[in-house]
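Visitor: I have a structure to go through with you. Could we take it piece by piece?

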Amino acid sequence: MSKKIQIATIPGDGTGPEVVKEGLKVLDAISGPAGLNIDIVNYDIGGDRFLKTGELLPQTIIDEFKQMDAMLLGAIGHPDVKPGILEKGILLNLRFELDQYINLRPVVLYDGDDTPLKDKKPVDIDFVVVRENTEGLYCGSGGFLKKGTRDEVAVQESINTHKGVERCIRFAFEYTKKRNRDKKLTLCGKTNVLTYAFDLWERVFNEMSGEYSGIKTDYAHVDATCMWMVKNPEWFDVIVTDNMFGDIITDLGAIIQGGMGIAAGGNINPDPGGTSMFEPIGGSAPKYTGQNIINPLAAIAAVQMMLEYLKEEKAAKAIEKAIKQALKNDIKSLSAGNMGMGTKELGDIVARYAVDLFE
Ligand code: IPM
Ligand code: MN
C-alpha cells in the first residue's frame with residue numbers, strides 16, 4: 001500500500017510557479033518507485049492575490065497548513081508591491097504562525113558546479129547553517145518617534161528569548177550529532193559588541209555543549225565567519241546563529257556553492273505535529289518570469305530536503321543523485337539563461353535520472 005502524503009504548495013510570485021512546477025514534476029516521478037501517494041493542495045497566496053483582493057495570509061489558510069505533512073514554497077516578492085508588505089505579511093507570518101523556528105540551509109558544492117572560490121573543491125564546501133527563524137531582529141519590535149521630522153528616532157530591537165535560543169541550539173547540536181562529517185558545531189555571533197544578545201547565546205551554547213561530549217564546539221564572530229567562509233570553508237561542519245546573521249551568511253553560502261540556482265532551505269518546526277516549509281532561497285527573480293530560463297534545481301533540492309524531513313530517505317537520495325548527475329552531464333552553467341537548456345527540459349532530465357537512480 002502506498003503512503004499518503006499531503007503537501008501544500010505556494011508557488012507565489014515571479015518565477016516561483018515555474019520552479020515549483022519542476023520540483024513537483026520530480027516529486028511525481030519519484031512517487032511511483034518510492035510508493036508514495038502525494039496529494040498536492042495548491043494555494044495562490046502571493047503578490048497577485050494581494051493586489052487583487054488585499055489579502056495576505058488569511059487565518060483559515062494558516063489553520064489548513066497546520067494539518068499538512070509539509071509545504072513547498074516558490075517565492076514571495078512582487079515588483080508592484082512595496083518591499084516589506086509581502087515579506088512580513090506572508091513569509092515571516094508563516095514562519096511565526098507555524099512556529100518554524102529553524103531555518104536549515106545546507107551549503108554544498110557538487111562536482112561540475114562553479115564556485116567563485118579559487119581552488120575549492122566539493123570536499124571543501126559541505127556545511128549546514130542552522131539559522132534561528134522566529135526571533136532576533138525579525139520580530140518587528142520597535143517603532144518610530146517623531147517620524148518624518150528632523151528629530152526622528154527609529155528603533156528596531158533584537159529579541160532573544162531563553163526558550164528561543166535554547167531550542168535552536170538544541171536542534172543544532174542534535175543535527176551535528178546525526179550529520180556524518182566532522183562533528184563540529186560553530187556558534188556564529190558578535191559577543192564583542194552585542195554583549196546582551198550573544199551573551200545569552202554563548203551561555204546557552206557552552207552549557208549545552210557539556211551534554212554533547214562527542215561534538216567539538218567553536219565560536220566565530222559573524223564578520224570573521226564571512227571571511228572564513230571564503231578563505232577556509234572546509235573548517236565548517238554546522239554553524240548555528242541568529243536570524244539576521246543567518247540571513248546574511250546564507251546568501252554568502254549560496255554563492256560559494258554555485259549560486260541561487262542551486263540553494264535550497266527548510267523552514268522547520270521540529271516539534272511533533274509541526275508543519276515545515278521548504279523553498280528555493282533565491283527569491284522571485286521577476287525579470288526572468290515566463291521565459292523558461294530560470295534554474296529549477298534549487299526548487300528540486302527543496303523537494304529533496306522535504307522528503308528527507310518526511311523520512312523518505314530513498315526518494316531523497318535518488319533526487320540528490322539525479323541533481324549531481326545532471327550537473328555533471330547536462331548543465332552548462334547554473335545561472336538563469338546560461339544552463340544550455342530550458343527550465344522544463346532540466347526538470348525532465350532530473351525527473352528521469354531520479355527514477356533511474358532510485359535504489
Ligand atoms: C530569506 C529571505 C527573507 C529573509 C526575506 C524575503 C524576508 O531573504 O528567506 O532569506 O530575510 O528571511
Ligand atoms: Mn535571505
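**Contacts, ligand and domains**

Guide: Apart from its neighbours within four places in sequence, Val108 is in contact with Ile125, Asp126 and Gln257, where contact means heavy atoms within 4.5 Å. This is a predicted model: local features need pLDDT of at least 70, side-chain atom pairs count only at pLDDT 80 or more, and totals for chains, interfaces and linings use all residues. Residues are numbered from 1 along each chain as its sequence is written, chains are lettered from A and ligands numbered from 1 in the order in which they are written, and side-chain values use heavy atoms, with hydrogens and water left out.

Visitor: What is the place of Val108?

Guide: Val108 belongs to strand 4 (residues 102-108); helices (H or I, at least four residues) and strands (E, at least two) are DSSP runs, numbered from the N terminus. The C-alpha atoms of Val108 and Pro122 are separated by 7.2 Å, with the two residues 14 apart along the chain.

Visitor: Turning to ligand 1, which residues surround it?

Guide: Glu87, Leu91, Arg95, Arg105, Arg131, Tyr138 and Asp247 surround ligand 1, each with a heavy atom within 4 Å of it. Helix 4 (residues 85-97) supplies the largest share of this shell, three residues.

Visitor: Which side chains have a polar atom by an oxygen atom of ligand 1?

Guide: Among them are Arg105, at 2.8 Å, and Asp247, at 2.9 Å. For Tyr138, a side-chain N or O atom is 2.6 Å from a ligand 1 oxygen atom. A polar contact is a pair of N or O atoms within 3.5 Å.

Visitor: Why does ligand 1 lie between the domains?

Guide: Domain 1 (1-101 + 283-359) and domain 2 (115-257) both give residues to the shell around ligand 1, so it lies between them. The domain bounds come from an automatic or database domain assignment.

Visitor: How much area do domain 1 and domain 2 bury between them?

Guide: About 790 Å², 54% of it on carbon and sulfur atoms; buried area is the accessible area (1.4 Å probe) that two parts lose on being put together, summed over both. In domain 1, Arg95, Phe96 and Tyr101 lose the most area to domain 2, together 69% of what that side buries.

Note on methods:
Polar contact = N/O pair within 3.5 Å; in protein donor to acceptor, adjacent residues only side chain to side chain.
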